[in-house]
Amino acid sequence: MTSIDVQHLTKEYGTRRAVDDLTFTVRPGRVTGFLGPNGAGKSTTMRLVLGLDRPTSGTATVGGRAYTTLQEPLRQVGALLDADAAHGSRTARNHLRVLAASNRVPARRVDEVMEETGIASVARRRVKTFSLGMRQRLGIAAALLGDPEVVMLDEPSNGLDPEGIIWIRELLRRMAAEGRTVLVSSHLMNETASFADHLVVLGRGRLLADTPMREFIDARVRPRVRVRTPDATALKAALARHGHDAVEHADGHWTVPDARVEDIGRIVSGAGVSVLELAADEGTLEQAYLDLTATETEFTAQPQEA
Ligand SMILES: Nc1ncnc2c1ncn2[C@@H]1O[C@H](COP(=O)(O)OP(=O)(O)OP(=O)(O)O)[C@@H](O)[C@H]1O
């Protein structure tokens with residue numbers, strides 16, 4: 001099984017430290033979401049893993065070896081970094097054929113990955129006529145070409161239509177289920193929550209979190225219970241007797257902070273309060289992420305002076 005292993009990785013561009021003493025491992029059999037504000041160092045880390053840039057210090061290896069020393073890299077690591085990497089005057093199919101030939105990948109894989117990524121019908125069109133979403137699919141096709149054990153995708157949902165977003169989610173889940181190592185950067189939190197098992201979060205080049213997604217959320221977002229009732233007075237009184245403060249919302253539902261649905265269910269049924277809705281209000285990845293990165297964002301919008 002092949003992991004991506006980053007050890008004390010540092011990259012400086014002049015005086016700017018883009019990646020700062022990063023250590024983490026991306027393991028097989030799960031999708032690892034790679035998160036962080038703009039400029040946090042995600043793309044730089046991926047470039048260093050792929051040997052497209054040299055680290056100032058530290059190492060990044062795949063299966064224990066530097067990418068540049070891999071015999072047939074495309075068959076071991078598939079990557080999408082930049083949807084514009086393909087030569088615009090080539091057809092999609094030719095672009096993939098050239099890649100396949102130079103990596104000893106059988107030519108039949110070209111047709112397979114074009115089918116798989118939904119671009120078979122435009123195989124003979126020049127890449128420069130492609131929309132962003134089509135170029136993105138072509139980049140993913142190139143990443144899958146060598147049937148690699150390790151897949152690294154930088155914002156793969158970028159430009160995809162809703163059907164494409166569902167497709168990429170299922171593709172990522174399937175690759176992890178097949179035991180591959182999958183690292184995916186994204187700024188879309190709902191999306192990431194739908195496919196990631198594990199998260200690596202960067203802020204200003206440093207590691208902020210390396211943790212299972214559920215733990216990441218639970219550690220940062222307090223659980224709440226959502227209740228709707230036709231008898232607000234009875235609900236409030238019953239909860240108050242057990243030390244809970246309910247908060248009313250504009251649409252008429254109530255939330256009980258720092259509470260578990262089992263406990264609130266017991267209290268309201270014990271008090272005979274009629275209930276129209278009772279549910280655990282689980283924290284979202286977006287809430288947890290914003291909580292963590294609030295102080296780490298280099299490029300936050302400043303409130304405008306009136
Ligand atoms: N070739 C380069 N020369 C100089 N500075 C660079 C270079 N590449 C990246 N940087 C700087 O390194 C920092 C990290 O950039 P990087 O693109 O890795 O961040 P990112 O997390 O991928 O951001 P985004 O989410 O916006 O894509 C930024 O401050 C960026 O300006």
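In which strand does Val77 lie?

Author: Val77 lies in strand E5, which comprises residues 77-80. The model is a predicted one, in which local features require pLDDT of at least 70 and side-chain atom pairs count only at pLDDT 80 or more, whereas totals for chains, interfaces and linings use all residues. Residues are numbered from 1 along each chain as its sequence is written. Helices (H or I, at least four residues) and strands (E, at least two) are DSSP runs numbered from the N terminus.

Val77 is buried, since 24 other C-beta atoms lie within 10 Å. A residue is termed buried when 20 or more other C-beta atoms, placed from the backbone, lie within 10 Å of its own, exposed when there are 12 or fewer, and partly exposed in between. Leaving aside residues up to four places away in sequence, Val77 touches Val62, Tyr67, Pro148, Val150 and Met152; two residues are in contact if their C-beta atoms, placed from the backbone, lie within 7 Å. The C-alpha atoms of Val77 and Thr45, 32 residues apart along the chain, are separated by 15 Å.

The loop between H5 and strand E6 (150-154) contains Asp147. Asp147 is partly exposed, because 16 other C-beta atoms lie within 10 Å. Its phi is positive, about 50 degrees, although Asp147 is not a glycine. Most residues other than glycine have a negative phi. Asp258 also has a positive phi without being a glycine, in this case about 55 degrees. Asp258 lies in the loop between strand E12 (254-257) and helix H10 (261-270), and it counts as exposed because it has 10 C-beta neighbours inside 10 Å.

The axes of H5 and helix H3 (residues 92-102) come within 10 Å and cross at roughly 25 degrees. Axes are lines fitted to C-alpha atoms, for helices over the stretch in contact, and angles run from 0 to 180 degrees between N-to-C directions. H3 and H5 are therefore roughly parallel to each other; angles under 35 degrees count as roughly parallel, over 145 as roughly antiparallel, 65 to 115 as roughly perpendicular and the rest as oblique. H3 passes H5 in a right-handed crossing, a crossing being right-handed if the near helix is turned clockwise from the far one by less than a right angle, and left-handed if anticlockwise. Ala92, His95, Leu96 and Leu99 in H3 meet Leu138, Ala141 and Ala142 in H5. The residues of this contact comprise six nonpolar, one polar and no charged. Here Ala, Val, Leu, Ile, Met, Phe, Trp, Tyr, Cys and Pro count as nonpolar, Asp, Glu, Lys and Arg as charged, and the others, Gly among them, as polar.

H3 also contacts helix H4 (residues 108-116): the two axes come within 9 Å and cross at roughly 130 degrees. H3 and H4 are therefore oblique to each other, and H3 passes H4 in a right-handed crossing. In this contact Ala92, Arg93, Leu96, Arg97 and Ala100 of H3 meet Arg109, Val110, Val113 and Met114 of H4. By class, the contact of H3 with H4 has six nonpolar, no polar and three charged residues.

Burial can also be followed in helix H11 (residues 285-293), where Leu285, Ala288, Tyr289 and Thr293 are buried. Viewed down the axis of H11, the buried residues fall within an arc of 115 degrees, so they line one face of the helix; the arc is that of the directions from the helix axis to the C-beta atoms. An α-helix has 3.6 residues a turn, so residues three or four places apart point the same way. The buried residues of H11 pack against strand E3 (30-35), helix H7 (189-195), strand E8 (198-203) and helix H8 (213-218). Arg220, in the loop between H8 and strand E10 (224-228), touches Ala288, Asp291 and Leu292 when residues up to four places away in sequence are not counted.

As for the protein as a whole, there are 11 helices and 13 strands. Of its 306 residues, 38% count as buried. Among contacts between residues at least 6 apart in sequence, 71% join residues at least 24 apart.
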